[in-house]
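I opened a new structure today and kept notes as I went.

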Amino acid sequence: MSVNFKQHIETYKRDGFAVFPNLYSTDQIQQWRKRHAELMEDYEGQTWFGNMLEYAPKLMWPAVSHPVILDFLEQVMGPFVQLDNLTLAAFPSGSTEETENKVSGWHRDRWAHLPQDGIYRPPTASNAISYLQDLTDGFGPLRVISGSHRNPVTIEDAEARSKPHVDETLIYMKAGDVVVTHNGLIHSGTPNTSGQWRYFFSVYYNSSWLKYTDNHNGPLTQRILAEARSRNDYRQMRLLGDEPQLQARSNSGFLVPDQQRWQEWIAADRNAIKSD
Ligand SMILES: O=C(O)CCC(=O)C(=O)O
């Protein structure tokens, strides 16, 4: 897979998001939808599931550890990328009259802050969002306010938080595309009026210097961690909160450019992996 990382990094820094087309296969998407339907049946109509790694480790791990997403995030966050939470949800369809001229709810994401000064700063968390169907006007596009990860954009009026915004961009994601958002980017979904479920899938990563939201202590998640440890795969271990180098790397002295250090650590992690 050839991905233009330089272009994606520039876009992400400028706009607060970057779209990676076609990262997940139709087969994966079908399996994730099927698993969601099973969970809905098991949990009597619940539609929102966090902790998805423990619910479906084999189906979910390829998304969580996707090399394109991780390579990208390591360039914008440094090699400090952990899984904060993994969510699979389905939004029911509502009527067009009720949802006319409405958005689902503008917000910045977990671990963000209100930017002050227009200057880009690396994210403390980043969301890899995808949808398990193409987003049309009926299914409801993703809406973003470009640049709001750098600028002190506020929406203080409660009613305006569910109205279209003058500076919004609508993104009609295709099934299989992944949009990676800076946690300071203001965004919103759009109410679903398609007559079908609208599936939303979020792999939310945060800095491994922070706590994480999901519970990574379940037996199935721990089995993945044990396997990563057996290969000395620090990048995969770190995703699940285990990072032997954290104390040294988070106290490195900070006397050379961060980017330079990050590349050294990324290479060191790669070289440490045991080959079979
Ligand atoms: O529904 C969507 O399209 C976006 C949802 C979202 O951004 C969120 O839940 O944080």
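These entries cover the ligand site and then some salt bridges.

**Entry: the model.** I noted at the start that this is a predicted model.

**Entry: around the ligand.** Which residues surround the ligand? I listed Phe91, His107, Asp109, Tyr131, Leu142, His187, Gly189, Arg198 and Phe200. I then sorted this shell by type. The shell divides into 4 nonpolar, 3 polar and 2 charged residues.

**Entry: polar atoms at the ligand.** I looked up distances to the ligand's oxygen atoms. For tyrosine 131, a side-chain N or O atom is 2.6 Å from an oxygen atom of the ligand. Arginine 198 has a polar side-chain atom 2.7 Å from a ligand oxygen. For aspartate 109, I found a polar side-chain atom 3.5 Å from an oxygen atom of the ligand. Next I checked the cover. On its own the ligand has 290 Å² of accessible area, and the protein covers 86% of that.

Entry: Which pocket does the ligand take up? I found that its space is the largest pocket.

**Entry: salt bridges.** I turned to charged pairs. Side chains of opposite charge can pair when their charged atoms come close. How many salt bridges are there? I got a count of 18. I looked up three of them.

Next came lysine 163 and glutamate 159. They form a salt bridge, with the closest N and O atoms 3.9 Å apart. Lysine 163 has 31% relative accessibility, so it counts as partly exposed. Glutamate 159 is exposed, because its relative accessible area is 56% and the cut-off is over 50%.

My last pair was arginine 261 with glutamate 264. Their side chains meet in a salt bridge, at 3.1 Å from N to O.

How values were computed. Residues numbered from 1 in each chain as written. Predicted model: local features only at pLDDT ≥ 70, side-chain atom pairs only at ≥ 80, totals over all residues. Heavy atoms only, no water. Near = heavy atom within 4 Å. Polar contact = N/O pair within 3.5 Å; in protein donor to acceptor, adjacent residues only side chain to side chain. Areas by Shrake-Rupley, 256 points an atom, 1.4 Å probe, with all protein chains shown as cover. 1 Å grid on protein atoms, 1.4 Å probe; cavity = no way out; pocket = protein on both sides within 12 Å on 5 of 7 lines; lining within 4 Å. Sits in = over half its atoms within 2 Å of the grid points. Nonpolar A, V, L, I, M, F, W, Y, C, P; charged D, E, K, R; others polar. Salt bridge = Lys/Arg side-chain N within 4 Å of Asp/Glu carboxyl O. Buried < 20%, exposed > 50% of the residue type's maximum accessible area, 1.4 Å probe, protein only.
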